[in-house]
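Dear colleague,

Please find below the structure I am handing over to you, together with its sequence. A short account of the findings follows it.

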Amino acid sequence: LDSAASSQKPSQVIEAMNTYYRTTHANVHRGAYSIANKATEMFENARSSVQRFINAKHHEEIVFTRGATEAINLVALSYGQRLQRGDEIILSVMEHHSNLVPWQLLAQRTGAILKFVSLSPEMTFDYSHYESLLSAKTKIVAVAHVSNVLGTINPIDRIVQAAHRVGAVVLVDACQSVPHMPIDVQALDADFLVASAHKMCGPTGIGFLYGKRDLLTTMPPVHGGGEMIETVSFESSTYAPPPARFEAGTPAIAEAIGLGAACEYLQSIGMDRVWEHEQHLGRYLYDQLAAVPELTLYGPGRELPRGGLVAFNARHVHAADLSFFLDQDGVAVRTGHHCAQPLHGLLGAAGSVRASLYFYNNQNDVDGFVTALRSTLLLFAELNTTAKTHR
Ligand code: PMP
């Protein structure tokens, strides 16, 4: 129950990478022989798979990166160069460190100011607070689509429309949405959207940045090297158009092919079905946990839409102890601050336990988890009683 951290991999993905290494390995974009051309074709087909998966208009709007973190850094380092002292960047208080620290660094470099959208009492994105923060000074809005702690689903289409009204661009951290629900970047009208392959059945070490073509074309490169250039002299260079401009050096070829296979695999199941299953099972998980009196659950209640994950704490038992005992029963859950330390500060907790679902989980997984959790809580209650009697 830890797929929000990283998912399992289907054999289709492992086989696609295996086949590439066994039969078609060569460097891409530079071959004069047939295997190299085939490798390039597989690599570029993977880009097209990602394009179709999120319904991007153009193939060249997909930039391969090492993951979502690198994709956000890329935007901060490249697009961020146009920011000036006093410009404002709006984030929400529920951001993952990956969608916070790159903007802190950008603010330190440029003198830009970070503003944070707070949580509503229902632990959702406080939209009216967001509207009050928007102004002509706002240059970038960067928000998670689905919170990796609260499960909150943010109203990206409305967030984008409002940002565009003041001339700001929007980056969507879609790490917890792309793997789980149908995503249409054209419908969302997002300027940038990022995700990591390893949370969506693909390998580690690869992810992507989607960027609108007109924006990517205006952005300077961040890394220099082979493949990202047009012409090079000793003194200076001109740069290739996107996506090559942002993909210096030999890329993660097998990983890109694995990501492409993951997109095809998920699409063969159907993202509507994946989402429906997770909504159903997520509600079941929420209800089962809500019925345990010792627990505090974070995020919106069951009546509001939420992603298929629940983070919680138990009275009198540390999150790390809970996950340790759950592990003894073969239940894998995440514990800690889930790379959202400021959010945990707001929740008044140092960390939490998080159970997260994917399409391959079923009701038995939830039942096994909740049974193990209840018996762990009982064990701690008994230990507490024994300790008090002996005091
Ligand atoms: N944003 C969110 C919402 C996440 O859940 C994660 C992964 N935990 C990231 C960003 C960072 O992803 P990665 O470490 O794969 O770059």
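In this model, an oxygen atom of the ligand lies 2.6 Å from a polar side-chain atom of Ser-196. Taken alone, the ligand exposes 400 Å², of which the protein buries 86%. Please keep in mind that the model is predicted.

An N or O atom in the side chain of Asp-173 is 2.5 Å from a nitrogen atom of the ligand, and a polar side-chain atom of His-96 is 3.1 Å from a ligand nitrogen atom. The residues around the ligand also include Ala-68, Thr-69, Ser-98, Asn-148, Cys-175, Gln-176, His-198 and Lys-199. By class, this shell consists of seven polar, two nonpolar and two charged residues.

For Tyr-130, the contacts beyond four places in sequence are Ile-90, Val-117, Phe-125, Val-141, Ile-159, Ala-162 and Ala-163.

Finally, Gln-51 belongs to helix α2, which spans residues 34-53. Is Gln-51 buried or exposed? Gln-51 counts as buried because its relative accessibility is 15%, and buried means under 20%. Leaving aside neighbours within four places in sequence, Gln-51 is in contact with Ala-56, Lys-57, His-58, His-59 and Ile-62.

With kind regards

Note on methods:
Residues numbered from 1 in each chain as written. Predicted model: local features only at pLDDT ≥ 70, side-chain atom pairs only at ≥ 80, totals over all residues. Heavy atoms only, no water. Near = heavy atom within 4 Å. Polar contact = N/O pair within 3.5 Å; in protein donor to acceptor, adjacent residues only side chain to side chain. Areas by Shrake-Rupley, 256 points an atom, 1.4 Å probe, with all protein chains shown as cover. Nonpolar A, V, L, I, M, F, W, Y, C, P; charged D, E, K, R; others polar. Contact = heavy atoms within 4.5 Å. Helix = DSSP H or I, 4+ residues; strand = E, 2+ residues; numbered from the N terminus. Buried < 20%, exposed > 50% of the residue type's maximum accessible area, 1.4 Å probe, protein only.
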